[in-house]
Amino acid sequence: MKSKKIGSHPDAYVLIFEVGDEIAGLLDVFAREHDLSASSFKAIGALSSARLGWYNPETRLYETAVALDEQLELVSLIGDIGQLDGVPTVHAHMVIGRRDGSTAAGHLLHAIVHPTTELFLTEYPTPLVKQHVDAFNLNLFKP
């Protein structure tokens, strides 16, 4: 993955993922390296595999809803970054398209890029704090 700062006030970045890059892990590393605390992002591209989840309120966990190991269009990736106990925390949802035009969507668990993905990220000046809510086992923004 390559990245470049492309704006200030608010800060803006472009992240270009390359063949074989795993989006979720590299985005997490980028967020920590830049100590992000109030970001939103969006991306498009293509993938060679993806695993998407859904939140099961009975188990209070994200479970795999879709696991595909084939060439896919990354139709949309959107998400946010806030801080939980002083550490940047990424939350992302993804829509992927298959060769036949069908789509699948869910919480990003894992995605391998092929050949590229272009992500635009904006970091806002006022930090946003997340807190762990035991009732849901989720990290949610504090109002």
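Modeller: A helix here is a DSSP run of H or I with at least four residues, and helices are numbered from the N terminus. Phe-30 is found in one of them, helix α1. The model above is predicted.

Biologist: How do I read whether Phe-30 is buried or exposed?

Modeller: Look at the relative accessible area; a residue counts as buried when that figure is under 20%. For Phe-30 the figure is 2%, so this residue is buried.

Biologist: Which residues are in contact with Phe-30, leaving aside neighbours within four places in sequence?

Modeller: Met-1, Ser-3, Tyr-13, Leu-15, Leu-36 and Leu-121 are in contact with Phe-30.

Biologist: What separates the C-alpha atoms of Phe-30 and Gly-45, and what separates those of Leu-15 and Phe-30?

Modeller: Phe-30 and Gly-45 are 15 residues apart along the chain, and their C-alpha atoms are separated by 18 Å. Leu-15 and Phe-30 are also 15 residues apart, with a C-alpha separation of 9.1 Å. The place of Leu-15 is in strand β2. Leu-15 counts as buried because its relative accessibility is 0%. Beyond four places in sequence, the contacts of Leu-15 include Met-1, Lys-2, Ser-3, Leu-27 and Phe-30. Thr-117, Glu-118 and Leu-119 are also among the contacts of Leu-15.

Biologist: Where does Thr-117 lie, and which residues does Thr-117 touch?

Modeller: Thr-117 has its place in strand β7. At 0% relative accessibility, this residue counts as buried. Not counting residues up to four places away in sequence, Thr-117 touches Leu-15, Ile-16, Phe-17, Ile-23, Ala-43, Ile-44, Gly-45, Ala-46, Leu-47 and Leu-74.

Biologist: How many residues does the largest nonpolar core have?

Modeller: The general idea comes first. In soluble globular proteins, nonpolar side chains tend to be buried together. In this structure, the largest nonpolar core has 28 residues. Those with the most contacts inside this core are Ile-23, Leu-47, Leu-77, Met-94, Ile-96, Leu-119 and Leu-121.

Biologist: Which elements each supply at least two residues of this core?

Modeller: They are β2 (11-18), α1 (23-33), β3 (39-56), β4 (61-68), β5 (72-84), β6 (87-97) and β7 (103-123). The largest share, six residues, comes from β7.

Biologist: Take Ile-23 as a case. What is Ile-23 in contact with, leaving aside neighbours within four places in sequence?

Modeller: Ile-23 is in contact with Phe-17, Leu-47, Leu-74, Leu-77, Met-94, Leu-108, Ala-111, Val-113 and Thr-117.

Biologist: What joins the side chains of Asn-56 and Glu-63?

Modeller: A polar contact of 2.9 Å joins those two side chains. Asn-56 lies in strand β3. Its relative accessibility is 10%, and therefore Asn-56 counts as buried. Not counting residues up to four places away in sequence, Asn-56 touches Leu-61 and Glu-63.

Biologist: How do I read the largest pocket, and which residues lie nearest its centre?

Modeller: Rolling a probe the size of a water molecule over the atoms shows where empty space is left. Here, about 340 Å³ of space lies in the largest pocket. This pocket is lined by 19 residues, and those nearest its centre are Tyr-62, Val-90, His-91, Ala-92 and His-107. Two or more lining residues are given by each of α1, β4, β6, β7 and β9 (138-141). By class, the lining has 11 nonpolar, five polar and three charged residues.

Biologist: Now the backbone. Which peptide bond is cis, with omega near 0°?

Modeller: The bond from His-9 to Pro-10 is cis, with omega near 0°. Pro-10 is found in the loop between β1 (2-7) and β2. Another cis peptide bond joins His-114 and Pro-115, where omega is about 5°. Pro-115 is found in strand β7.

Biologist: What is the phi of Arg-60, and what is that of Asp-85?

Modeller: Arg-60 is not a glycine, yet it has a positive phi of about 60°. The place of Arg-60 is in the loop between β3 and β4. With a relative accessible area of 33%, Arg-60 is partly exposed. Asp-85, not a glycine either, has a positive phi of about 55°. Asp-85 has its place in the loop between β5 and β6. Its relative accessible area is 75%, so Asp-85 is exposed.

Methods: Residues are numbered from 1 along each chain as its sequence is written. This is a predicted model: local features need pLDDT of at least 70, side-chain atom pairs count only at pLDDT 80 or more; totals for chains, interfaces and linings use all residues. Side-chain values use heavy atoms; hydrogens and water are left out. A nonpolar core is a set of buried Ala, Val, Leu, Ile, Met, Phe, Trp, Tyr and Cys residues joined through side-chain atoms within 4.5 Å. Buried means under 20% relative accessible area, exposed over 50%, partly exposed in between (1.4 Å probe, protein chains only). Contact means heavy atoms within 4.5 Å. A polar contact is a pair of N or O atoms within 3.5 Å; within protein, one must be able to donate a hydrogen and the other to accept it, and residues adjacent in sequence count only if both atoms are side-chain atoms. On a 1 Å grid over the protein atoms alone, a cavity is a set of points where a 1.4 Å probe fits but cannot get out, and a pocket is an open set with protein on both sides within 12 Å along at least five of seven lines; lining residues have an atom within 4 Å of a point. Grid points are joined across faces, edges and corners, and a volume is the space filled by probe spheres set on the points. Ala, Val, Leu, Ile, Met, Phe, Trp, Tyr, Cys and Pro count as nonpolar, Asp, Glu, Lys and Arg as charged, and the others, Gly among them, as polar.
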